[in-house]
Amino acid sequence: MSLKQNLHILKEKYKGTKMAPAFNAIHTFLYLPNEVTHGGTHIKAADDLKRTMNIVIMALVPCLLFGMFNAGYQHYAAIDGSLRANVLANFFTFDNLWIGIIKVLPLVIVSYGVGLLVEFIFAVIKGHEVEEGYLVTGMLVPLIVPIDTPLWMLAVAVVFGVVIGKEVFGGTGMNILNPALTIRAFLFFAYPTWMSGDKVWVYDAVNKTGTADAISGETMLGYYAKAGQEMTIKGANGAADIVTTYGDRANELYSNWDKFAGFIPGSVGETSTLLILVGAAILIFTKIGSWRIIVSTFLGAAAMGIIFNQIVAADIITESSKFYGLMNTVWYEHLMIGGLAFGAVFMATDPVTGSQTNKGKWMYGFLIGFISIMIRVFNPAYPEGVFLAILLMNVFAPTIDHYVVQGNIKKRLKRAKVKTA
Amino acid sequence: MSKDIRIKKGLDIKLVGGAEETTKGIPLSAIYAIKPEDFHGITPKLVAKEGVKVKAGDTLFYSKSDERILFPSPVSGKVVEVTRGARRKVLAVKIAADVKQEYKKFETKDAAKMSVEEVKNYLFAAGCWPFIKQRPYDVVANPNQAPKSIFVSAYASAPLAADLDYTLAGKEAELQIAITAVSKLTDGKIHVSVAANSNSPLANLNGVELHKVSGPHPSGNVGTQIAKIDPINKGEVIWVITPQDLVIIGELLLTGKFNATRTIALTGSKFSKPQYVTAIVGASITDVTASNLENDNTRIISGNVLSGKEVKADDFLGYYDNQITAIPEGDDYELFGWTKPVFNKISASRALTFSWLTPNKKYDLNTNTNGEHRAFVVTGSYENVFPLDIYPMQLLKAFMIKDLDEMEALGGYEVAPEDFALTEFICVSKQPHQKIIREGLDLMREELG
């Protein structure tokens, strides 16, 4: 008997039992179910939620692969700065990938393992099918955490994020906050000393702190936040120490091309704006992701960036201000560094937690971009505003939709009044 | 303002098995059946008991809420069986047809000289009132409420729909007299819509406002046309009649005979020769589809694939239907069907689905749901196939939670289940949109009148 028939017999056997959802979850991964239509349309379009989620995961794969190489590259480049001289030759190497395999893959495995376990438990307890939402969340999470995040921390955060962020609201489709960002926020607020600062972004930087081999794990945002401050670089091989500023140092280390292509330290999968845009192209072309949200998020961020640049240009803020560094960052650089692009393309577009009306999506996205840069500038101690901005707008998305829909209702009432008048 | 209607949002579902333009006469069926459930919202009071002889046009049952609304027998013969379901609900009244058909004699009329009351009483008496349906709620029209206008859509844009230009050809006289009669029932206009570039027999009627319709399905749905031309506000009513039913009314006025004969399209990939047949309302499916149907794991649908009703071969043709569709059942598993590239199914996205590459290809779709039922997740996709100025997902959610204020405010009066057929077709979460709308409309009708 074929596998198909065997599984069919098993499915009939499990039907109605507690374990049915768990079995079906695995079964439906192998086979599109044999369900037929009843009562409504007799035919259905080809897309289901699994297919939709699958496209998002595929759009994330380039970022994941790049992140694995980048994990190794940043590690070795921090030890030996001369590697940065020829990025392309020193980037796609097996040594780099190996660091990615031993550091990034465990993050992916823990994220999926723990998250899906929670999903299965809830499905069995509540007797509903295992929903696909976590397939994307599970991939997003390892891409938005720093490379040196301990696995136990990630596991705790995933349990929290899935249970409190999603299941308590009723599962996929019912949640108010983006689960992946809930996990990220939990990590940030529960372990703030670990999750911020200038070490955790590059593999081994934490371990080597205070030793003779100490390496820097500073992100672009970290550099820019302290742009005006002096820093001292230990001279190599007994040479004199070099005194420079953080801003100059950043520009010396990373060109705009590095920032755009992603050869910079940062969370695992969010450094390469280029590949994120490739993902965005996939999402928009397949009609899975909302281009309205993506475009408006970038517009909002650019607008805020330009406003800050103008403030600096008008000498309202001077170099002595602690906001000066990031305020003076050219607006288009804001779009390339930090998590903005990743958030705009993969986080803000979550249809469940985002605005649901087309008009609302414009406003929702614009405010995400706008507020992201605002938080970034005014919170230089931890200059990553994107996830906070998205979570904030998640909360306000229903309000935005409410007013958009009210517009439609008012139009209808007005039409009725014109008639009766 | 232009009277023509151009729709951009929508989706043409192109299937194999379009009816070829030949019409076959078929012999009388042995048994005909009228099913009260075809008349949504009507509670039947039986008149014809088992064993009674009836003529075509004799009353079988009437509406409990309005005794003037009669439901006639489509054929002459003997009432052989009244099948009942739970709580003795009447499921079908079956009539064994006479070999020689006899018609109840009605008066012939000059429609132009009839008064409003005369038209009404005439339609009541001959059992033609059920042909008039109303919006809101998509039920048989309430005769006590005057409609602000009447809509007739002579453009069928649903998948594989019968070509009304073909099936109604030569019926100009019947259509004209019926329109003249029906136009007395409203102070407003009679809106007739035909496909752009068609030679519809309805294109040259007098006393109507003609609209040329173009664009993808649901441009032919009367709900879409109402929304574009004369949207329904709270407290207003619009009546809707199909052109094929106008022909029956017209023939009655001209000849005095209630002759519920229709040209039916047999469509879908499971017909060996998709074509047209003439059949009387309530005919048995087996007889109508005789020797043409490949009835092997086949879904037979009285109506179209989007809004029709599932029937078995021993069932009967629906009262309003002019189409029978037969497509393969999809009760089989498909290895990695959720992830592999799809070339043989239609999709509104491009998620490794490639129907966007071949917009003119005809597909042989089966009844597989292509995935499991889920909560609403994806947003913004319904809007692309939904031409009404309504937020479809928000309305569906209001209907699901039965929030009457929201249902009313968001446009509940303007919709019928069939308006949500396309959104249901493309729904990634496989939600039963039409059922949600039907139940919501029933609730609104009960609570808000």
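B:Leu352 is partly exposed, because 18 other C-beta atoms lie within 10 Å, and a residue needs 20 or more to count as buried. Keep in mind that this is a predicted model. B:Leu352 sits in the loop between strand S21 (334-335) and helix H7 (392-400) of chain B. Its phi is near 55 degrees, a positive value in a residue other than glycine. For context, most residues other than glycine have a negative phi, and most peptide bonds are trans.

B:Ser291 also has a phi near 55 degrees, positive although the residue is not glycine. Look for B:Ser291 in the loop between helix H6 (285-288) and strand S18 (298-302) of chain B. Is B:Ser291 buried or exposed? B:Ser291 has 7 C-beta neighbours inside 10 Å, so it counts as exposed; the limit for that class is 12 or fewer.

Now the peptide bonds. Where in chain B is B:Pro136? B:Pro136 lies in the loop between strand S10 (133-135) and strand S11 (139-140). The bond joining B:Arg135 to B:Pro136 is cis, with omega about 0 degrees. Another cis bond joins B:His217 and B:Pro218, and there omega is about 10 degrees. B:Pro218 belongs to the loop between strand S14 (209-214) and helix H4 (222-229) of chain B.

Next, helix H5 of chain B, residues 243-255. This helix has 13 residues and reaches 18 Å from its first C-alpha to its last, close to the 18 Å expected at 1.5 Å a residue. How many of the 13 residues of H5(B) are buried? The count is 11, so the helix is mostly covered. Among the buried residues are B:Pro243, B:Asp245, B:Ile248 and B:Leu253. The cover includes strand S12 (149-153), helix H2 (164-167), helix H3 (172-182) and strand S16 (261-267) of chain B. Just after H5(B) comes B:Gly256, with a positive phi of about 80 degrees.

Last, a helix pair in chain A. The axes of helix H5 (residues 94-126) and helix H7 (residues 151-165) of chain A come within 9 Å and cross at roughly 35 degrees. The crossing of H5(A) and H7(A) is right-handed. On the H5(A) side, the contact residues include A:Pro106, A:Val110, A:Val114 and A:Glu119. On the H7(A) side, they include A:Leu151, A:Leu154, A:Val158 and A:Val162. By type, the residues of this contact divide into 12 nonpolar, two polar and one charged.

Methods:
Residues are numbered from 1 along each chain as its sequence is written. Chains are lettered from A and ligands numbered from 1 in the order in which they are written. This is a predicted model: local features need pLDDT of at least 70, side-chain atom pairs count only at pLDDT 80 or more; totals for chains, interfaces and linings use all residues. Axes are lines fitted to C-alpha atoms, for helices over the stretch in contact, and angles run from 0 to 180 degrees between N-to-C directions. Helices (H or I, at least four residues) and strands (E, at least two) are DSSP runs, numbered from the N terminus. A crossing is left-handed if the near helix is turned anticlockwise from the far one by less than a right angle, and right-handed if clockwise. Two residues are in contact if their C-beta atoms, placed from the backbone, lie within 7 Å. Ala, Val, Leu, Ile, Met, Phe, Trp, Tyr, Cys and Pro count as nonpolar, Asp, Glu, Lys and Arg as charged, and the others, Gly among them, as polar. The expected span of a helix is 1.5 Å times one less than its number of residues.
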